[in-house]
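Please look at the sequence and the structure together, and keep both in view while reading the briefing that follows.

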Amino acid sequence: LFRSRRSRSNEHVRARSGEKTDRERERERRHREQEAKGKDKKEKKPADAPKVEEEPPAKLLDDLFRKTKATPCIYWLPLTDEQAKKQEVIRKEKEAAKKKEEEEEAEAGNTTHPRFDVQI
């Protein structure tokens with residue numbers, strides 16, 4: 001690995017003449033060894049080995065949820081029928097309570113705007 005200055009200085013001369021330098025030869029040797037190791041690993045797999053059942057791929061978020069087209073994506077699920085009915089009932093209750101409050105205020109003679117406390 002350690003070379004004298006003379007041998008290093010001669011590498012550029014060899015490279016110009018078309019001969020391979022020590023560095024190139026070493027690189028090719030390592031490359032051949034790696035290829036040989038890779039082939040050995042492939043050959044070592046016994047053909048008689050029982051095949052392991054591959055698990056089906058995990059479901060992706062795209063399969064489980066809906067998502068927005070804008071970025072970043074927001075994943076969401078639509079409400080079930082039960083959830084939609086429940087929210088509709090809650091919404092109607094709130095509207096009825098608000099309407100009842102307005103009627104009570106009108107009967108009491110309070111003429112101020114509810115949001116700004118201004119006389120109308």
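E26 and R29 sit three residues apart in helix α2 (residues 22-44), so about one helical turn separates them; helices here are DSSP runs of H or I with at least four residues, and strands are runs of E with at least two, numbered from the N terminus. This is a predicted model, in which local features need pLDDT of at least 70 and side-chain atom pairs count only at pLDDT 80 or more, while totals for chains, interfaces and linings use all residues. Residues are numbered from 1 along each chain as its sequence is written, and side-chain values use heavy atoms, with hydrogens and water left out.

**Salt bridges**
- The structure holds six salt bridges, a salt bridge being a side-chain nitrogen of Lys or Arg within 4 Å of a carboxyl oxygen of Asp or Glu.
- E26 pairs in this way with R29, where the closest N and O atoms are 2.3 Å apart, and also with R30, where the closest N and O atoms are 3.8 Å apart.
- R30 and E26 are four residues apart in helix α2, about one turn of the helix.
- An α-helix has 3.6 residues a turn, so residues three or four places apart point the same way.
- D62 and K67 form a salt bridge through their side chains, at 3.6 Å from N to O.
- Salt bridges with shared partners link E26, R29, R30 and E33 into one network.

- Of the 120 residues of the chain, 2% count as buried, where buried means under 20% relative accessible area, exposed means over 50%, and partly exposed lies in between (1.4 Å probe, protein chains only).
- E26 counts as partly exposed because its relative accessibility is 30%, and R29 counts as partly exposed at 33%.

- α4 is followed by G109, whose phi is positive, near 85°.
- P72 lies in the loop between β1 (66-67) and β2 (75-76), and the peptide bond from T71 to P72 is cis, with omega near -5°.

**Overall layout and confidence**
- The chain has four helices and two strands, which run α-α-α-β-β-α from the N terminus on.
- The mean pLDDT of the chain is 79, and 67% of its residues reach 70 or more; pLDDT is the predictor's confidence in each residue, from 0 to 100.
- Confidence in the chain is lowest in helix α1 (residues 5-17), with a mean of 58, and highest in α4, at 93.
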